[in-house]
Each structure stands twice: as structure tokens, then as C-alpha cells.
Amino acid sequence: MELNEEKLHALLGKVVTEMGAAANGPLITIGDKLGLFTTLSESDPLSSNELAAKTNTAERYVREWLSAQAASGYVQYHADTQTFSMTPEQTMVFGNRKSPVFMTGAFYAIASVYHDEPKIEEAFKTGEGVSWGDHNNCLFCGTEKFFSPSYEGNLISSWLPAMEGLVKKLEKGAKVADIGCGHAASTIIMAKAFPNSSFIGFDFHAASIEQAKERAKEAGLSNISFEVATAKDFPGNDYDFIAYFDCLHDMGDPVGACAHTKAALKPDGTCMIVEPFAKDSLEENLNPVGRAFYAFSTMLCTPCSLNQEVGLALGAQAGEKRLKDVITKGGFSRFKSAVETPFNLILEARP
């Protein structure tokens with residue numbers, strides 16, 4: 001085959017861009033941890049000396065960090081004054097922790113997959129799974145940091161109202177289970193919004209449950225509790241509402257999980273399943289969002305499922321059609337897509 005020089009140069013340009021993005025990942029988490037993004041976003045244009053003084057950091061490192069962020073387009077550089085600033089859009093993504101599109105959490109999770117690359121390489125050879133709890137600790141805080149802004153921005157205002165009659169039940173007082181709750185970002189948001197309802201978070205990862213308890217204690221909530229349990233054996237029945245946030249596809253036996261959930265719900269109960277956004281075919285998912293989710297799915301979601309019984313390995317790009325098949329095989333007779341965002345599908349299932 002004849003080499004196309006134009007295509008080669010375009011591909012090399014893309015790879016160089018990717019090299020810069022990969023190398024900049026740790027700088028994003030450093031900027032988040034040290035308050036560099038937040039301080040810059042809340043200030044008039046600052047020099048590297050001024051930002052270092054405000055954040056109690058070393059100027060020479062801050063100068064290089066700012067240069068990398070400016071080259072990435074994540075901050076603005078003003079050559080006439082040799083200062084840096086952030087636009088409102090950059091602030092939403094990197095500087096405002098309450099923004100629904102705050103993205104620094106993703107880079108903590110990305111750090112974990114680099115640490116765990118040898119484990120996944122071995123899994124490629126053996127076909128075996130890798131347990132969620134066997135990943136680097138950066139994954140657990142990164143997952144919380146990445147999903148929390150979207151939950152804060154959408155859960156109460158959009159997702160729950162999309163479930164037929166659910167908000168009234170929650171306002172009156174409902175019994176709620178949050179399956180695969182992790183560090184309890186979703187559970188705490190709901191418990192704060194609906195003080196008359198009782199919430200219990202379940203997760204099979206004991207360390208996450210301990211962290212969830214600490215989070216709830218810090219929030220001063222009395223209508224919330226947590227237990228270590230899987231989606232197929234969590235205790236209780238007569239739940240009014242059971243939720244799965246970005247976790248059903250990680251499970252080895254999501255059909256069994258849905259069957260247990262249906263049995264635990266009241267006859268008029270509701271199950272909400274939040275999943276990564278995806279269309280139903282590979283060709284429809286060959287885009288930037290699909291690319292990120294397929295990468296995380298290869299390193300995290302698929303190995304997690306393969307490490308459990310059945311090991312269905314839905315992956316993070318299962319799509320609505322396949323998810324509907326799983327949910328209805330679990331015994332739910334009513335299913336619909338309730339609402340969606342650029343990053344999530346929000347599905348409603350009823351007995």
C-alpha cells in the first residue's frame with residue numbers, strides 16, 4: 001500500500017495532541033488539589049508570582065504549570081502583562097466545584113488506570129476479571145469527583161421528576177435503596193432533598209461503605225444508612241424506590257440484580273437506572289464521549305463484571321436496547337427512557 005503523507009501527518013498531529021493531554025493529566029489533579037484552578041478562576045489576571053503567593057506554592061513550578069495549562073487552552077495567557085486568567089467556560093470545567101460540568105474528577109480516575117495497567121495486561125492474557133476493590137485508590141475518589149457534579153446538577157431538578165409520581169412519594173416519605181452507592185454522592189443528595197424519606201445505600205466494596213458513612217456523618221443526615229451488600233442479596237423489601245447510578249453495567253449478573261430488585265420493590269414501586277450515554281451500535285458510539293467510555297470500560301467496567309459470577313460484561317457502552325433486554329429479563333414489565341444528558345441515559349423500570 002502506498003503511504004499517504006497527508007494522512008500520516010494528520011495522524012501524527014493527533015498523536016502529539018494526545019501525548020500532551022496524557023502528560024497534562026497529573027497537572028490537572030495537582031492544580032485541583034492545590035487550589036490553583038479555583039484561585040485563578042476567582043481572581044483578576046494573575047502573574048505566576050501572584051498565584052504562587054495566593055496558594056502558598058513555589059513560583060517556578062506554578063510558572064511551568066500555568067504555561068502547560070495555557071498551551072492546553074485550559075487557562076488564558078495575556079502576553080502584554082504576562083498574566084493568566086480563566087474564562088467563565090474554563091471556570092465551569094476546572095474552577096467551580098459546584099458546576100455540573102466540573103471535570104477534574106475524571107483525571108483522578110485516569111491516574112488509577114495507569115497504576116493498574118499491569119493487572120489489566122495480565123487479564124488480557126488470561127481472560128479473568130479484576131475486582132473493583134483491587135484497583136488503585138485514586139479510582140474511588142475519582143469516581144466520586146467525576147459523577148458528583150452531574151448528580152448535583154441533574155438528579156433533583158431533572159432525573160427524579162422524570163420518574164412518574166416519584167417526587168410526591170419522596171416528599172411524603174418513601175423507603176429508598178441506592179444500589180452500588182460507592183461514596184454515597186447520589187444517596188446524600190437525595191437524603192438532603194427529601195428529609196421525610198429514609199435512604200439506605202448498598203455497595204459490595206466495604207471500604208466505600210466506610211467512606212459513605214463518613215460522608216453522611218459530615219453532612220449531618222439522620223435519614224440515611226449504609227450496608228455492605230451486593231445487588232443480588234441486599235436486604236429489605238417493600239421499597240418505594242430503588243436506584244442504580246452508573247453501576248448496573250459493572251455487575252457480573254445484572255439480570256439477577258434486576259430480578260432481586262423487582263422482588264424488593266412494592267408493586268407500584270419505581271426503579272431508576274442511570275447508565276453512561278450510548279447508542280445501540282458501535283458505529284454510533286465512535287465519537288469523543290464513546291471513546292472515553294470505551295477506554296474506561298476496557299480498564300474498569302468489563303474487568304469488574306468478568307470478576308463476578310456470570311460475568312455478562314455489558315460494558316459502559318451497552319446502549320438502551322441491550323439494557324432494556326437485561327432489565328426486562330429481570331422481570332420488569334414496564335420500561336422507558338425517561339431523560340438523557342450528553343453523559344447519561346436515565347431509564348425507568350416498573351414491576
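Colleague: Which helices each supply at least two residues of the lining of the second largest pocket?

Modeller: This is a predicted model, and in it α8 (138-159), α10 (185-193) and α11 (206-219) each do so. The most comes from α8, which gives 5 residues to that lining.

Colleague: What is the volume of the second largest pocket?

Modeller: About 500 Å³. The pocket is lined by 17 residues, and the closest to its centre are Arg97, Glu144, Ser148, Glu152 and Ala185.

Colleague: How do the residues of the lining divide into nonpolar, polar and charged?

Modeller: The lining of the second largest pocket has 8 charged residues, 7 nonpolar ones and 2 polar ones.

Colleague: Thanks! Now for helix packing. At what angle do helix α6 and helix α13 pack?

Modeller: Helix α6 (residues 104-115) packs against helix α13 (residues 288-306) at about 60°, and their axes lie 11 Å apart. Angles of 65 to 115 degrees would count as roughly perpendicular, and those under 35 as roughly parallel. The angle here therefore makes α6 oblique to α13.

Colleague: Is the crossing of α6 and α13 left-handed or right-handed?

Modeller: The two helices cross in a left-handed way.

Colleague: Which residues of α6 and α13 meet?

Modeller: From α6 come Ala106, Ala109, Ile110 and Val113, and from α13 come Phe296, Met299 and Leu300. Sorted by class, the contact of α6 with α13 has 7 nonpolar residues, with no polar and no charged ones.

Methods: Residues are numbered from 1 along each chain as its sequence is written. This is a predicted model: local features need pLDDT of at least 70, side-chain atom pairs count only at pLDDT 80 or more; totals for chains, interfaces and linings use all residues. Side-chain values use heavy atoms; hydrogens and water are left out. Axes are lines fitted to C-alpha atoms, for helices over the stretch in contact, and angles run from 0 to 180 degrees between N-to-C directions. Helices (H or I, at least four residues) and strands (E, at least two) are DSSP runs, numbered from the N terminus. Angles under 35 degrees count as roughly parallel, over 145 as roughly antiparallel, 65 to 115 as roughly perpendicular and the rest as oblique. A crossing is left-handed if the near helix is turned anticlockwise from the far one by less than a right angle, and right-handed if clockwise. Contact means heavy atoms within 4.5 Å. Ala, Val, Leu, Ile, Met, Phe, Trp, Tyr, Cys and Pro count as nonpolar, Asp, Glu, Lys and Arg as charged, and the others, Gly among them, as polar. On a 1 Å grid over the protein atoms alone, a cavity is a set of points where a 1.4 Å probe fits but cannot get out, and a pocket is an open set with protein on both sides within 12 Å along at least five of seven lines; lining residues have an atom within 4 Å of a point. Grid points are joined across faces, edges and corners, and a volume is the space filled by probe spheres set on the points.
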